[in-house]
Amino acid sequence: MKKILILPGDGIGKEVTNECMKVIDFFKKSIEIEITEELFGGASIDAHGQPLTKDVLDKAMESDAVLLGAVGGPKWEELEHNLKPEKGLLTLRKELEAFANLRPGKVFPALINASSLKKDIVEGTDIFVVRELTGGIYFGEPRYVKNVGGKRIGANNLIYNEDEIARVANIAFEIARKRKNKVTSLDKANVLEVMQLWRDVVTEVHKNNFQDVELEHLYIDNAAMQVIKRPSTFDVILAGNLFGDIISDEIAELTGSLGMLPSASIGSKHGIYEPVHGSAPDIAGQNIANPIAAILSLAMLFKYSLNLDSVHDLIEKAVSETLNAGFRTKDIGYDNTLTCSEMGDEILSNIVKLS
Ligand code: IPM
Ligand code: MG
């Protein structure tokens, strides 16, 4: 029996995980899965005064995988840092040691015109971001805003040790071997010492174990430009926590919509699966969100936590066919767009047909 914990979170998180539940219910007929659903993020703050309760963290620890919706919203923005919904997410990632965040950004042919880039530039783009997720500036100490001599000073610390870099680099190279055999590592080694260490360690890992894989190093500023200039030449992009956060939103947009991008966070025995998009408070509650990123995240869950590659492929194919048939949500289409739940139903009916 595999245990999956569902944390819908806030805003459109609830709507998109609802659509995932339809897909899970279908596969429950043939795969033994136990589902538990809990409050997380702002919803948990409202009920319990904190974004991630001990009880929910314990349940996550006992699960094989966690499927997340999204967290955050204007209601909780003014809270102190440690009590914000986002803090719950960071704690969950850290406690579950999900240090490698995998974010595949692929252009679905049917959506080529949804990209903000010209068709001939974006055609064939298939980028796989491997983002370090439990270190770097997100977690570095000390961190503060304090008053020094009547002036407020704020600081965060970008810090990595060589093991943290090497383990995520290993994952990036392994993934590249199963794809187009190329890794582009992003850093800012021309200015930051910690990023020189990043570059050195990535180079060592490559030299010791992965000489068959092509390795390219780019400074993050140059990379931000190159991914929109020549997106189809990238394969795996390896980056630290902050640079990976930024570049993955950029890649999402060039592949069509942030509403399409799934993610998996792996490392230890529990995986966390979440759409790259946030809680989108501006459209929450209207049933117009795109559930595809969440459904593709669920597909990744089947692959990386349950070792069911065939189910992953089937869900991905069902999404492709739904798009090929012309169905669109508002973020990727113009007229006759589907609601969030209608899109979920269309995908489910294709899953049923294909299985
Ligand atoms: C992401 C999000 C999160 C992050 C936020 C919500 C804390 O932007 O998963 O990309 O910065 O990691
Ligand atoms: Mg982000």
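Guide: Let us begin with a helix pair: helix α1 passes helix α12 in a right-handed crossing. Please bear in mind throughout that the model is predicted.

Visitor: At roughly what angle do the axes of α1 and α12 cross, and within what distance do they come?
Guide: The axes of α1 (residues 12-27) and α12 (residues 340-354) cross at roughly 20° and come within 9 Å. An angle under 35 degrees counts as roughly parallel, and α1 and α12 are therefore roughly parallel to each other.

Visitor: Which residues make the contact?
Guide: From α1, the contact is made by E15, V16, E19, K22, V23, F26 and F27. From α12, the residues are C340, S341, G344, D345, L348, I351 and V352.

Visitor: And how do the residues of that contact divide by class?
Guide: The contact of α1 with α12 has eight nonpolar, two polar and four charged residues.

Visitor: Now for the sheet. What is the strand order?
Guide: The sheet is open and has ten strands, in the order β2-β1-β3-β12-β11-β4-β5-β10-β8-β9, and the pairing is mixed. At the edges are β2 (33-37) and β9 (214-219), each of which pairs on one side only. On average, neighbouring strands of this sheet are turned by 20° against each other, with direction ignored.

Visitor: Which helix packs on the sheet, and which strands does it touch?
Guide: Helix α4 (residues 85-95) packs on the sheet and touches β1 (2-9), β3 (65-70), β4, β5 and β12 (271-273). The direction of α4 makes about 160° with that of β3.

Visitor: Let us stay with β4. How many bridges join it to β5, and do the two run parallel or antiparallel?
Guide: Seven bridges join β4 (residues 100-106) to β5 (residues 126-132), and the two strands run antiparallel. Within this pairing, K106 stands opposite D126, and N101 stands opposite R131.

Visitor: What about β4 and β11?
Guide: β4 and β11 (residues 264-266) also run antiparallel, and three bridges join them. The bridge partner of N101 in β11 is S265, while in β5 N101 faces R131.

Visitor: Why is β4 described as largely enclosed?
Guide: Six of the seven residues of β4 are buried, so the rest of the structure largely encloses this strand.

Visitor: Moving past β4, where is L111?
Guide: L111 is in the loop between β4 and α5 (119-122).

Visitor: Is L111 buried or exposed?
Guide: L111 is buried, because its relative accessible area is 2% and the cut-off for buried is under 20%.

Visitor: What is L111 in contact with, leaving aside its neighbours within four places in sequence?
Guide: With those neighbours left aside, L111 is in contact with M260, L323, R328 and I332.

Visitor: A last topic: the backbone. Where is there a cis peptide bond?
Guide: A cis peptide bond joins E141 and P142, with omega about -5°. P142 lies in the loop between β5 and β6 (144-148). Most peptide bonds are trans, and most residues other than glycine have a negative phi.

Methods:
Residues are numbered from 1 along each chain as its sequence is written. Chains are lettered from A and ligands numbered from 1 in the order in which they are written. This is a predicted model: local features need pLDDT of at least 70, side-chain atom pairs count only at pLDDT 80 or more; totals for chains, interfaces and linings use all residues. Side-chain values use heavy atoms; hydrogens and water are left out. Two strands pair if DSSP finds at least two bridges between them. Helices (H or I, at least four residues) and strands (E, at least two) are DSSP runs, numbered from the N terminus. Axes are lines fitted to C-alpha atoms, for helices over the stretch in contact, and angles run from 0 to 180 degrees between N-to-C directions. Contact means heavy atoms within 4.5 Å. Buried means under 20% relative accessible area, exposed over 50%, partly exposed in between (1.4 Å probe, protein chains only). Angles under 35 degrees count as roughly parallel, over 145 as roughly antiparallel, 65 to 115 as roughly perpendicular and the rest as oblique. A crossing is left-handed if the near helix is turned anticlockwise from the far one by less than a right angle, and right-handed if clockwise. Ala, Val, Leu, Ile, Met, Phe, Trp, Tyr, Cys and Pro count as nonpolar, Asp, Glu, Lys and Arg as charged, and the others, Gly among them, as polar.
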